[in-house]
Amino acid sequence: MRIDAAAAFSLGDLAVFDATHWREVITTASGAVPPALAGRAFASDGTRETLPLDDLGQRIARALPPDDRAIFAQARQRAITTNERESARRTVLDRLFWELTYWKTPKEYERLTAGEQIHLGALDVARVDGAVVLDAGAGTGRVTLPLARRARTVYALDPSLPLLRLLDCKLAAAGLRNVELHRGAFRHVPLPDNSVDAVVACSAFGPDEARGGKCGLDELMRVTRPGGRIVIIWPSDPTWFIAQGFTYTVLPGHLTITFPTLEDAWEVATRFYGLAATSHLDATARPELPFHVLGVKPPRDLCWLTVRK
Ligand SMILES: C[S@@+](CC[C@H](N)C(=O)[O-])C[C@H]1O[C@@H](n2cnc3c(N)ncnc32)[C@H](O)[C@@H]1O
């Protein structure tokens, strides 16, 4: 469902992350980009071609914890062919496509989610009215804003500073004051035990460690009070959640991706969706796309669990 990451970004774009985020994404622990792979992408041969990236490679190395730093540094020094280095770069960019989108082009991401509206019946399942709710992986607030209109307090958690900044502006513009923004990730939620009535995570939490995994789920359970609910909206792998005791529900109704203008639809389709989508827009000349054209299920399914302790 997306275009070539190496066409959208270059390795130098990793400079957009801060030290905390380099540690978050280049790590042996979560597997997003293992330090050995990142090291091969930043391998230097001292030529003019690799020189501009040397400084960035050194800054990244300094940010990593000692074990990962050693692996990264060794991989950078090992002699590899140009093809091997290019292949490592493509893989890194591919794995970090969404992270780079969030950090370098957050407005493009905002434009994408503005079209992909989710089924808000998920908030009824989460029982959010008057409640204290954690929006985990909040992004630019596709769920945070509707949540804030119904909940007492919302904690919006996300590792991406540019997305949190955009969310902050949107909340201010909407006059919503009951949302606390927190920078952080699923595996360490900066909230006390049993402090929320519900957790929602939309298109954010998944089985692999980089997107939460078992550690992240334990954290979501820890902060949820007994009897509270965890609701995973639009899960990419419902079977994993079912194996963890969740119930899978598909809400009724029809959803279509709808953009404010045809120009918006074109920009998003060209950047994120690819040929099937642009051909559809060409044929219809309307700023709408059915989910089936993208080969994606519509965002009206969820996995939910009532927490027992
Ligand atoms: C596809 S976006 C969805 C954002 C928002 N929930 C929505 O529906 O528009 C995925 C979000 O998860 C966040 N994210 C990625 N890895 C994360 C992690 N390990 N812990 C918490 N959030 C994470 C990203 O920064 C991004 O904002």
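**Aromatic rings and cysteines**

Tyr109 is a buried residue, its relative accessible area being 12%, and in this predicted model the ring of Tyr109 lies beside that of Tyr102, with 5.0 Å between the two centres and 80° between the planes, so the two rings form an edge-to-face pair. Tyr102 is likewise counted as buried, because its relative accessible area of 19% falls under the 20% limit.

Across the whole structure, a search finds 14 aromatic pairs. One of them joins Phe17 and Trp103, whose ring centres are 5.6 Å apart and whose planes make an angle of 80°, an edge-to-face arrangement. This pair connects distant parts of the chain, since Phe17 sits in the loop between helix H1 (5-8) and helix H2 (19-25), whereas Trp103 belongs to helix H7 (residues 97-104), 86 residues apart. Phe17 is buried at a relative accessible area of 3%, and Trp103 is buried too, with 6% relative accessibility.

The cysteines can be considered next. How many disulfides does a search of the whole structure find? The search finds 0 disulfides. For Cys202 the reason lies in distance: the closest cysteine sulfur, that of Cys303, is 12 Å from the sulfur of Cys202, which is too far for a bond, because a disulfide requires the two sulfur atoms to be within 2.5 Å. Cys202 is buried, with a relative accessible area of 9%, whereas Cys169 counts as exposed at 52% relative accessibility.

Note on methods
Residues numbered from 1 in each chain as written. Predicted model: local features only at pLDDT ≥ 70, side-chain atom pairs only at ≥ 80, totals over all residues. Heavy atoms only, no water. Buried < 20%, exposed > 50% of the residue type's maximum accessible area, 1.4 Å probe, protein only. Phe/Tyr/Trp six-rings, centres within 6.5 Å; stacked < 30°, edge-to-face > 60°. Helix = DSSP H or I, 4+ residues; strand = E, 2+ residues; numbered from the N terminus.
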